[in-house]
Amino acid sequence: MVDYERIQKDCFWDLSISGKEIENIANGNDSRKKNMLFEKILLNSTALFKDLQIFDKKELEKLLENYNIPKFNSDHAFKRKNMAEVYFFDKPLLINELKWIA
């Protein structure tokens, strides 16, 4: 069960958008709006992995592949993107402080 109201509170504190509107974007076909939703969740969600599951797996993979790390807050964005790649797609972990020391 997706908690769109929590996503709204976590990720859209700076915009006037309802949980229902977020649900419509997630289930719609507007790629520009989906990219915006993905980026808001990636950078702001307190339940990152749970919230990214609103996208189907192929769509999420495409969103992650096409996401460009911004210059502002790049370290935070890089870490969150890499954690999602590791969790959903078994990609290599690139965050040194999260790697196991052998």
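These legends describe close-up views of a predicted model.

Figure 1. The chain has six helices and zero strands. From the N terminus on, the order of elements reads α-α-α-α-α-α. The radius of gyration is 14 Å, close to the 13 Å that the globule rule gives for 102 residues, so the chain is as compact as a globular protein of that length. Along the principal axes, the C-alpha atoms fill a box of roughly 45 × 25 × 25 Å. Of the 102 residues, 35% count as buried. Take the contacts between residues at least 6 apart in sequence: 49% of them join residues at least 24 apart.

Figure 2. Which residues does L37 contact, leaving aside its neighbours within four places in sequence? They are F12, I22, I25, A26, I54 and F55.

Figure 3. Helix α1 covers residues 4-11. Its buried residues are Y4, I7, Q8, D10 and C11. What do they pack against? The partners are α2 (19-27), α3 and α4 (48-52).

**Figure 4. Q8 is a buried residue of helix α1.** Q8 is found in helix α1. Is Q8 buried or exposed? Q8 counts as buried because its relative accessible area is 17%, and the cut-off for buried is under 20%. Not counting residues up to four places away in sequence, Q8 touches W13, L15, I17, S18, G19 and I22. One of these residues, I22, is also a contact of L37.

**Figure 5. The largest pocket is lined by residues of α3 and α5, among others it may touch on screen.** About 170 Å³ of space lies in this pocket. Its lining is made of S31, K34, N35, E59, K62, L63 and N66. Helices α3 (31-44) and α5 (57-66) each supply at least two of the lining residues. Which helix gives the most to the lining? Helix α5 does, with four residues. By type, the lining divides into one nonpolar, three polar and three charged residues.

Figure 6. S31 counts as exposed because its relative accessible area is 52%, and the cut-off for exposed is over 50%. How far apart are the C-alpha atoms of S31 and K99? They are separated by 34 Å, and the two residues lie 68 residues apart along the chain.

Figure 7. Phi of N73 is near 60°, a positive value in a residue other than glycine. N73 is found in the loop between α5 and α6. N73 is partly exposed, with a relative accessible area of 41%. Phi of D90 is near 55°, again positive in a residue other than glycine. D90 has its place in the segment after α6. D90 is exposed, with a relative accessible area of 71%. For background, most residues other than glycine have a negative phi.

Figure 8. L93 is found in the segment after α6. At 28% relative accessibility, L93 counts as partly exposed. Leaving aside its neighbours within four places in sequence, L93 is in contact with N82, V86, L98 and K99. The C-alpha atoms of L93 and E59 are separated by 21 Å. Those two residues are 34 residues apart along the chain.

Conventions. Residues are numbered from 1 along each chain as its sequence is written. This is a predicted model: local features need pLDDT of at least 70, side-chain atom pairs count only at pLDDT 80 or more; totals for chains, interfaces and linings use all residues. Side-chain values use heavy atoms; hydrogens and water are left out. On a 1 Å grid over the protein atoms alone, a cavity is a set of points where a 1.4 Å probe fits but cannot get out, and a pocket is an open set with protein on both sides within 12 Å along at least five of seven lines; lining residues have an atom within 4 Å of a point. Grid points are joined across faces, edges and corners, and a volume is the space filled by probe spheres set on the points. Ala, Val, Leu, Ile, Met, Phe, Trp, Tyr, Cys and Pro count as nonpolar, Asp, Glu, Lys and Arg as charged, and the others, Gly among them, as polar. Buried means under 20% relative accessible area, exposed over 50%, partly exposed in between (1.4 Å probe, protein chains only). Contact means heavy atoms within 4.5 Å. The radius of gyration is taken over C-alpha atoms; the globule rule is 2.2 Å times the number of residues to the power 0.38.
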